[in-house]
Amino acid sequence: MADGDWSEAAAMLWQARAERRLLPQADVPMPRDLGAAYVLQDAVSAASGARILGWKIGAGDPALQRRFALPGPFVGPLLQGLVHGDGAMLAPMPGAGLECEISLRLGCDLAAGGTIGDAELTAAIAAAIPSLEVIGRRFDGEMEGQGHRLVADGGINVEAVLGPDTAWDFAAGWPPVAATLRVDGRETASGTAASAGLMPPATLLRWLLAQPPLAARGLRTGDLVMTGTLTGVFPLAPGIRVEADFGTLGSVRASAAAA
């Protein structure tokens, strides 16, 4: 593979994602740095042929950053066809996990670069959305020290499920709600934006706009931003039914297909 030519690796990663299977880790090249990882990530998105609907933020927990040998959080694209409505049936994937998140929907464009004040950033958020993110890598083996592969691999996004849009004045900060995850009717985990350590909304959007994948594109009207898990990661076992209740923000449900 020529330096900077990621077309073969991108096609291989996208095919594995589409077929929900794992590749031998040796088949997935390790980008030499974070910049190269984002170049490969962009090539995978191009190989998919899908429109980018928004972005997910991963590894907000410093402990995860240390585990993956990353300098901070990362971003990954949310692709058309992999973002579903409430009640979606999810296909199985080896090693997949489930996260409860508050997603944001943008009500106007935000350009990357330049200086945007907190008031303008929070005013750009049109809605909060109760959400589920399915995460999973496309290579086998351990993930310790594999952060550049994880970033390149779509930020380990598999798909997302969205509940209803709810208006919220983000100038007041995060909605003061707890996300409660129920699996087959049993409460399994709960958490809030504060307990999860999420960046304040304006800080989060400013950080996101500064990331390499958004340098040319910025954020666009209608874009989604998945902000990070409030409840940790729960294994997405075949046949389970899940519901994430976000109080006044509503709820979102999904089921995993039987094996």
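A: D184 has a relative accessible area of 28% in this predicted model, which places D184 in the partly exposed class, the range between buried (under 20%) and exposed (over 50%) when a 1.4 Å probe is run over the protein chains only. Its partner is R241, and the closest N and O atoms of this salt bridge are 4.0 Å apart, where the rule asks for a side-chain nitrogen of Lys or Arg within 4 Å of a carboxyl oxygen of Asp or Glu. R241 belongs to strand β12 (residues 241-245), whereas D184 is found in the loop between β8 and β9 (186-191), so this pair ties together parts that are 57 residues apart in sequence. Strands here are DSSP runs of E with at least two residues, numbered from the N terminus.

The side chains of R105 and D165 form another salt bridge, with an N to O distance of 2.6 Å. R105 lies in strand β5 (residues 97-106) and D165 in the loop between β7 and β8 (179-183), so here the parts tied together are 60 residues apart in sequence. Both partners are partly exposed, R105 having 24% relative accessibility and D165 a relative accessible area of 38%.

For the pair of D223 and R217, the closest N and O atoms of the salt bridge are 2.7 Å apart. D223 counts as buried because its relative accessibility is 4%, and R217, with a relative accessible area of 18%, is buried as well.

Residues are numbered from 1 along each chain as its sequence is written, and side-chain values use heavy atoms, with hydrogens and water left out. Local features need pLDDT of at least 70 and side-chain atom pairs count only at pLDDT 80 or more, while totals for chains, interfaces and linings use all residues.

Note on methods: Helix = DSSP H or I, 4+ residues; strand = E, 2+ residues; numbered from the N terminus.
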